[in-house]
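Hello,

Here is the structure I promised to pass on to you. Please have it open while you read, as my notes follow below.

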Amino acid sequence: MAFTFAAFCYMLALLLTAALIFFAIWHIIAFDELKTDYKNPIDQCNTLNPTVDRVKKIKRVRLALKLVLPEYLIHVFFCVMFLCAAEWLTLGLNMPLLAYHVWRYMSRPVMSGPGLYDPTTIMNADILAYCQKEGWCKLAFYLLSFFYYLYGMIYVLVSS
Amino acid sequence: PLICKFPLTAPSFDFASDRRCTSGDSSSTTTGSASPVPNSYESLEGGSYSGTSLQSPPAGVPAKLAPPFGYNYPTMHPAYQQNPAPKPDPSPSHGGYNPPGYQPYSQVLTLLSSALGGLGGVSELEAETLRPVNLLQERNILPPKRAPPPEPNLSNDLRKVNCSPDTFRCTLTNIPQTQALLNKARLPLGLLLHPFRDLTQLPVITSNTIVRCRSCRTYINPFVSFLDQRRWKCNLCYRVNDVPDEFMYNPVTRSYGEPHKRPEVQNSTVEFIASSDYMLRPPQPALYLFLLDVSHNAVESGYLNVFCQSLLDNLEKLPGDTRTHIGFVTFDSTVHFYNLQEGLSQPQMLVVSDIDDVFIPTHDSLLVNLKESKELVKDLLNALPGMFTHTRETQSALGPALQAAYKLMSPTGGRVSVFQTQLPTLGAGLLQSREDPNLRSSTKNVQHLGPATDFYKKLALDCSGQQIGVDLFLLSSQYSDLASLACVSKYSAGSVFYYPSFHHIHNTAQRQKFQKDLQRYLTRKIGFEAVMRIRCTKGLSIHTFHGNFFVRSTDLLSLANVNPDSGFAVQMSIEESLADTSLACFQAALLYTSSKGKRRIRVHTLCLPVVSQLSEVFAGADIQAISCLLANMAIDRSISSSLSDARDALVNAVVDCLTAYRANGSNIQPSGLIAPAALRLFPLYVLALLKQKALRTGTSTRLDERVFSMCELKSQPLQQIMHMVHPDLYRIDNMTEQAALHLNDSVIPQPPLLQLTAEKLTREGAFLMDCGSVMYLWVGKCCNETFIRDVLGFPNYASLPSNMTEIPELQTTYSERTRAFISWLYDFMLTLTLMQLFFSRDDASTKTSFFQHLVEDRTESAFSYYEFLLHVQQQMSK
């Protein structure tokens, strides 16, 4: 039993995936808040007087939407790590998500700054539903990969 | 196989159908190439053509049609006449618009209609709208008059108080019970709104408490039910609410204890004067800022004279009160501000040349009280056109000027009117030319329909946040990237005006249009710092909004400015079954600050029946509303995906809907293309949409004009769109008093609507085409001299000038009758319409614009109506 680079990669990925799970949950909550906004009658009577609560919520949503880029970077980062560690299977499992991230970022609306979401179209029901679905799929993916990395780490530690 | 469809509603995007979608591109290319076309309009002038005959096709029409259809054009007429039905049954229900020569009504079809189910108990009205029509045989499909919108099938009491269809319309006047039923009908469900329309009659209510549902905040409306004297049940969320004491007293009848007689409960359109609960800050004053391009190009076009004159004329009529403020900023490669402080002897110009970091030179005197500084403002307007006559500055720093305007206005909010004549070339937001003129008529994909930069969008969002609305007037002869520029108005709830090749002398038609638009623009009502919320019965939800605004939340639109000429469209979906209710209601509430500084809420409520049968859904289809909503969806699609996708989706909307209808009455297999009477104009309107500048391919269309047409389709109210898409054509040289309307003391003749085909034009007649924002008069070569003399005021055809834009006021009955008819058409539109007159021998540009509206005719690259029907039929049989 030896502590190899591959084992280190898995440990790091394990920690980062935990962070990604957290991001994904945040993402889902943010879009849910956007969607169900109007169903909250207390907010509704105060559309013109944004309450402290509402401002807080807006900030929360904004932050969640800003977390997209870090998420992508983290994912790219441990993909590169796995590449260096020559963990081909793990890398292969992550490729589809990597490709999806690249595609998603390439096809984002015209924007001068970084970011993915366009405030003028985000309220469109199709896009909202898509983003929510995306969040759930990612959450599932990250959860599965979390356990996979755990397994991978132990396997690498034991076999070497 | 790629299927291009609109996801009519979110959960139902259906990939299941395996019908292949023929790309609109390929089909239009083939038809295009098959015709070494002599334009059929030319033949009209050639004189060999006697327009009224149904038998002879226009001389110039190509004899052969493109391969995919296998039909030859000349067979069209026999095909119209052939009668596949074994037993012709000339039914009286055809009304007057079916010439006796045609007997398309058949036993088979009547059988079909009875097979449609549920017909036993339906009303006569519904039976009529469900009457199957074989489109391939029904030649005169247009009703003799512009058809009124379908009446919802409600009890008389409800119908009487329901919202006017001019303000609030639903694509399906019978709301399907479930999403599944809606999917089966393959029709879009949505609303078309014209919330701030100029109204002649509007109950205004001042009361301390505005009665609203405690749970969903719906305003009390005619469709709520009173359980007893003290309680009412909300018609949207079904919560039972208390009636407040104040509401028990009726100010109209001055009686107590009759809450159901209050004006709120008697009218579906009311306006409340809002209390301070509805204010975030004290209501803002009316504030107008004019941002004027004064570069060489702008001076050359001469718009400044027109603008300044127009503003001078209308200075008194600007909506506002004693607090009204006004300001001016001009820009070329630098930004110029004008100090109009009361007490100055003349306006002071301040130049800011640092356009990378533009700042406001002085804070309090750039926006001045109009009343106090009126003389200075007048001085400035008189001097302005002369100030830049010798400018050599060709650059335009629109972006920095807009930033300056934003900084200037942000403390209060208001309206910024931008006049731009070229591509912005300096500072933030500069744009490059993206149009390749060689691709103007390409049938391949049209690119650059979206913005090149998000500068204008971001700025618009900032403006929207500070309650600043930006209206854009683009008066340029070259490409100016309207796709990018228009964003500044789109998201700040402004409006866009475009005058291609504007010149104050060389292009009188554009100048007059600009003048009339300005006149209307400056004097029309305006609402500031507005929000609009749309609520609907529990179970229905809003899917997408269309129009100019920023969506703040799923059902809330933020409108920095609201004007009476803008319309909105809303796509809806059915999330929960509506089975336990028989009525569905929609309420649009517009909260705004009037130009007099009053906070007001305008509430419209629409009530519609809920149905469970597919045939009833078809019976209640409002084809005009459907077409408008589809147009909006198509434009979104062409920007997000591609133009050819959007075109395919439009065609598929017709194909799907007619297939669904056929499948519904499937026990008989009729030949031909069957549509319910309520939807018989569907293919025609979709064809007309495909021939709009916004969506056409193959015909040379400048990118800016295309984008402008898209902006118009998205932001105009329904009536305006319908006139634009499918104008009304009348023959006006032989109007009689038969069937005339008698309004007040004037007689308004009612000539029948003509189909939009060159066949209907004769050289002996004079034809008026009403396109909403413009009217064309086409005078045939052999038009009778009395008409030309008595109505147009010229001795004969040869002496008619080429640029007439008004019908002269002559004291003959002939002229009076004609003018009465035209002004009656005007009244319908409420906005000022420009009359464009032109004659068949005239310059090409107006002639083309007249003939491009004849949507039923075939063009080099697009189907004729009959070909389109065959195309639809072919798609259906796949």
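**Domains of chain B**

In chain B, the centres of domain 2 and domain 3, taken over C-alpha atoms, lie 36 Å apart. Please keep in mind that this is a predicted model. Chain B is divided into three pieces: domain 1 covers 175–280 + 528–612, domain 2 covers 287–432 + 444–524, and domain 3 covers 727–854.

**A helix pair in chain A**

Two packed helices are described by the angle between their axes and the distance between the axes. For helix H1 (residues 5–36) and helix H6 (residues 125–159) of chain A, the angle is about 160 degrees and the axes are 8 Å apart. Angles over 145 degrees count as roughly antiparallel, so H1(A) and H6(A) are roughly antiparallel to each other. The crossing of H1(A) with H6(A) is left-handed. Sorted by type, the residues of this contact are 27 nonpolar, six polar and three charged.

**Two alanines with positive phi**

A:Ala86 has a positive phi, near 55 degrees, and sits in the loop between helix H4 (68–84) and helix H5 (88–106) of chain A. For B:Ala493 phi is also positive, near 60 degrees; that residue belongs to the loop between helix H16 (487–490) and strand E19 (496–498) of chain B. Are they buried or exposed? A:Ala86 is partly exposed, with a relative accessible area of 38%, whereas B:Ala493 is buried, at 5% relative accessibility.

**Some other places in chain B**

B:Arg262 lies in the loop between strand E10 (255–256) and helix H9 (263–266). Its relative accessible area is 5%, so B:Arg262 counts as buried. Which side chain does B:Arg262 meet in a polar contact? The partner is B:Glu264, and the contact is 2.9 Å.

B:Leu344 is in the loop between strand E14 (335–339) and strand E15 (348–352). With a relative accessible area of 29%, B:Leu344 is partly exposed. The C-alpha atom of B:Leu344 is 7.8 Å from that of B:Leu376, a residue 32 places away along the chain.

Lastly, helix H24 (residues 785–792) of chain B has these buried residues: B:Phe787, B:Ile788, B:Asp790, B:Val791 and B:Leu792. After H24(B) comes B:Gly793, with a positive phi near 80 degrees.

Best wishes

Notes. Residues numbered from 1 in each chain as written. Chains lettered and ligands numbered in written order. Predicted model: local features only at pLDDT ≥ 70, side-chain atom pairs only at ≥ 80, totals over all residues. Heavy atoms only, no water. Domains from an automatic or database assignment. Axes fitted to C-alpha atoms, helices over the stretch in contact; angles between N-to-C directions. Helix = DSSP H or I, 4+ residues; strand = E, 2+ residues; numbered from the N terminus. Parallel < 35°, antiparallel > 145°, perpendicular 65-115°, else oblique. Left-handed = near helix turned anticlockwise from the far one by under 90°. Nonpolar A, V, L, I, M, F, W, Y, C, P; charged D, E, K, R; others polar. Buried < 20%, exposed > 50% of the residue type's maximum accessible area, 1.4 Å probe, protein only. Polar contact = N/O pair within 3.5 Å; in protein donor to acceptor, adjacent residues only side chain to side chain.
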